[in-house]
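Here are my notes, as promised. Have the model open while you read.

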Amino acid sequence: MSKQTAAPPSAAQAEEQQSSTGVMDAPPDAIDRKQLKQERDEAKERQKDRLSALSRDELIELYRQMLLIRRFEEKSAEAYVAGKIGGFCHLYIGQEAVGVGAISAIRKDDYVLASYREHGHALAKGMTSRSIMAELFGKATGCSKGKGGSMHMFDKGLGFLGGHAIVGGQIPLATGTAFAAKYQGTDQVTLCFFGEAAVNQGAFHESLNMAQLWKLPCIYICENNQYGMGTSLARAMSLSDIAQKACAFDMAAEFVDGMDVLAVREATLRAVERARKDFLPTLLEIRTYRFMGHSMSDPGNYRTRAEIEKYQERDPIKLFSASLLEEKIVDQKTLDEIDKKVREEVEDALRFAEESPLPDPEELYTDVYANPIEPGRK
Amino acid sequence: MPKLSPTMEEGQISRWLKKEGDKVSMGEPLAEIDTDKATMEMQALANGVLRKILINEGQSAPLGQTIAVIGEPDEDIASLVSEAPAQPKVQEQKETDVPPPVPDLAPPQPQAKAAAAASSAPAPRPVDNGRAPQAAATSDSGRMIVSPLAARMAAEAGIDLRSLQGSGPGGRIIKRDIEAAISQPKAAPSYPRAVEPGQIPQIGASPYRDEPASQIRQTIAKRLVTSIGPVPHFFLTTEIEMDRAAEMRKGINALDPDLKISINDIIIKVVAAALIQHPEVNASFQEKFVRYYEHADIGVAVAIEDGLITPVVRAADQKSLSQIATEVRELAERARSKKLKPEEYTGATFSVSNLGMFGIDEFTAVINPPEGAILAVGAMSAKPVVRDNEIVIRQMMRVTMSCDHRVIDGATGAKFLQTFRKILENPLYLVV
Amino acid sequence: MATITIREALNQALREELARDEKVFLMGEEVAEYDGAYKVSKGLFQEFGGKRVIDTPITELGFAGLGVGAAMVGLRPVIEFMTFNFSILATDQIINSAAKMLYMSGGQFNIPIVFRGPGGSAFQVSSQHSQALESWYAYFPGLKVVMPSTPADAKGLLKSSIRDDDPVIFIEQERMYGNKGEVPDDPDFTIPLGVADVKREGKDVTIVARSLMVPIALKAAEQLAQQGVSCEVIDPRTIRPLDINTIIESVKKTNRVVVAEESHPICSVGSEIATQIMERAFDYLDAPVKRVSGADVPMPYAKNLEDLAIPDVNRIVAAVKEVAYID
């Protein structure tokens, strides 16, 4: 089987990549709305071509998951502003298609590791809104018993191996879970999500080298939202075509439109097949955009309104709903019902989190060791 | 407590010049304070009424401690008085308790001014908790240095750390010092001499009164110890004409063949008589106070097979010569057979050591702490002396008194010795 | 009981644990085909093959993190650092991942991993290759830190560390691999973590020593015994959790302590031991706790300077005399 190497970006994508670097200088009135619309329509047409691969229920489920993440994050933002969530809170709004599309391509027993912007991945992996919202509230009922918070969601039973808050820290870990799967002779694969800023960390390069060297079933998903906190990709990376970095490791790579949930899913499916059958890793560069600041405390004034608007035009949820409606796979009523249910779920999660108890003070000293040792015990 | 000398760390109220309730005005003398240097007058720093005296005469307080409160006549001083630190320990047994402050019912007035309490002065010392001894002077800084273990051991064994000299670096009292202090009476019961310098025997018979050692007395003590060791000895020698004493002895012994009074018995009796006349010599230095004994309990050094021991003739001042003679003989016999009980060889107020029987003319003896002095008695011998411009032969005897300079000064010792000599040369004084 | 070196004892422990549990694998630089830079893994690659004994690229952060990831999903990795000096590159994964995973996942992901390799002062390899890092690792809750000083301890403690369900930092002393001692033959011989060992009983002064300092402290104790000073030598063996009770009991008996350590004095394990003694046995101390530490300088290369930088018998003897108030 020939190695899938990085597919050259499409013309539209290439153009997008160029424009993204210059958009800061463009005044808001420079938005060419006509062109934006045209680009969106082209993306939509590409998406529509992919609809046939999935059943109606599967498509609706993808939509539901993306919308759930959107509503969940909106509610998180509200709760954060209301002072109910502490610490940092990094929202996934705008990037929903990446987590949902990629995770839809793996099995339940596959592993997912993500960065500190992981509420969406956790939901997509099947964790409940309640357990995540309660964790955000620092409650005993949270998925990490209130000890992890926004950046450290875990669910062992669901194969969600965490939110990791040192940039790039999860990349060697994911390489290790892939190593373990191969070692133990399972065909489990690992999805490892990280932002494009993590690519500059040594951990990224060290991990990809070992993964390709030892043929480990790990899929490295770079969610390129173009900003490492407030620093644009152009200001931080000498070669900003991240997919091309796979060449350094002789690794398969793809450049993916992260605003199209189906494109993400399809690219991931290809990577999963490589991983499961041949233990081969893949680097996916998935171009996306976060609509909010880096975190709740980031006003985001390093980006122009025009740039944000441009990407909002490509909102993955709007795009997907338009595709579904135009192809008459669903009607508006169905979508409205989904929205209603999702809102109810998020409201329920919020209530649950609010009403849940705080961790018992005794929890302070639990879970430090699996085998706590009382010194001197012989 | 105001700072009245550059090196002062605490002061002792020598005398209050105002009573509670007296009006005082700024600059008016308020009290006399004994510092380490001298007695100084303390002036009031505020106008008002001396509402409350917190440190009584004879008591000491560290710098900065509130010693009295001056305020308006009807001002509420309850908080000031209650904030004042616990009373410093006072050794006077008949200490009168300061009555608890009575809160004033009058409306609060402008803040009462604490007399002479400098705001920058050090915090009051912690109250003695039974472990860390307060302000004993064994190091250069005057702070007692003691290892935590030694402090605990001393507290448990009831040993006063102030009585010990540390053998660790900088005079730190360490485990072995406590062990030595604990083991000595037990390990060597026949060696009272082995008692560590300064250690206070637990048993003493004579009633006594303790008076606060004045600042000047404490400073003298500190200085002298630094100079020549824990018990700074000095020596006074005099020569005594013993003819009358010898005659008296002969006369008494002739009265009754059973009476076997020795010259030494007479010396003991005379020492006791002189001590009663000079209570300042019948005393013991106890760091923070000087202990004055009412009776003259005389230790008599007795040579025994493997050393010496000093059995005590209790209240020798109140005993007759024959009683003393009998007692000394009996004690000495039991000393030689090592049958003395501890209370029979500890707690003397003054000792006599006689080496005359060995033909020693003159010697100095080492004080047996915590006694204030010891008298070394030489041999009696016929010597030519000048009397009324004529050379005559007299029985002469030289005595040397070793004095603890911390408690006895030269003149004090000399006066005592003068009395001693006077009585011994004219034993009739004993019955006068 | 066979008399073997610490190197052989560690090799035995690895062999026995690799044979006992499929989940155990050994990974590190030169551990397989080269037989280990210090030959601790000698013959293991031959015996267990490349699946179980794995050579890595020089990529400490990477393979340390890989090990942690593998431990998250059921394996029991033994990660060898060629020397602990290189573990500095991997500290993000050791500290931020391994030590904290169980806690921040609310008890879901324990990390049964051993990070092992030589540490402490080596022979004339200068500043970057000769340093004691145990106090770094001992600082972090979630880690266990073990430092053996004899072949038997090395074997028994390494086996316990591999069987332990938490991340263990296992620091072998680079100068001590050739030290010999008796080791029980029983393949199930283990030594529990968190238990100090009294290497020599005594009554006058307690010397707390670990790793390289243990044989040196024992020599000092021997010398002092000839001078009438009886020293108790305690090897905590596990630095975290620290068996402070054994030390405290000894201090209550001897009232004097010297802590000997190779590491720099500031914020060292010795500082911690001294503090805990002060907190828990203050009233038993007859002298301040005395530390004999490595010089507070990067390790020099020149032999004479290197010797000066590492505590020796004379310095321990002098410290003991100081706390025992012997001139």
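1. First, the housekeeping. This is a predicted model, where local features need pLDDT of at least 70, side-chain atom pairs count only at pLDDT 80 or more, and totals for chains, interfaces and linings use all residues. Residues are numbered from 1 along each chain as its sequence is written, with chains lettered from A and ligands numbered from 1 in the order in which they are written.

2. Chain A has 13 helices and eight strands (DSSP runs, H or I of at least four residues for helices, E of at least two for strands, numbered from the N terminus). Of its 378 residues, 51% are buried, meaning 20 or more other C-beta atoms within 10 Å of the residue's own, with C-beta atoms placed from the backbone.

3. Look at helix α3 of chain A, residues 56–81. Its 26 residues reach 37 Å from first C-alpha to last, close to the 38 Å expected (1.5 Å times one less than the number of residues). Just after α3(A), G83(A) has a positive phi of about 80 degrees.

4. Eight residues of chain C are in contact with nine of chain B (C-beta atoms, placed from the backbone, within 7 Å).

5. Chain B has an open, antiparallel sheet of three strands in the order β9-β12-β11; strands pair if DSSP finds at least two bridges between them. The edge strands are β9 (208–212) and β11 (283–285) of chain B. β11(B) pairs with β12(B), residues 289–293, over three bridges, and F285(B) stands opposite V290(B) in β12(B).

Conventions: A residue is buried if 20 or more other C-beta atoms lie within 10 Å of its own, exposed if 12 or fewer, and partly exposed in between; C-beta atoms are placed from the backbone. Two residues are in contact if their C-beta atoms, placed from the backbone, lie within 7 Å.
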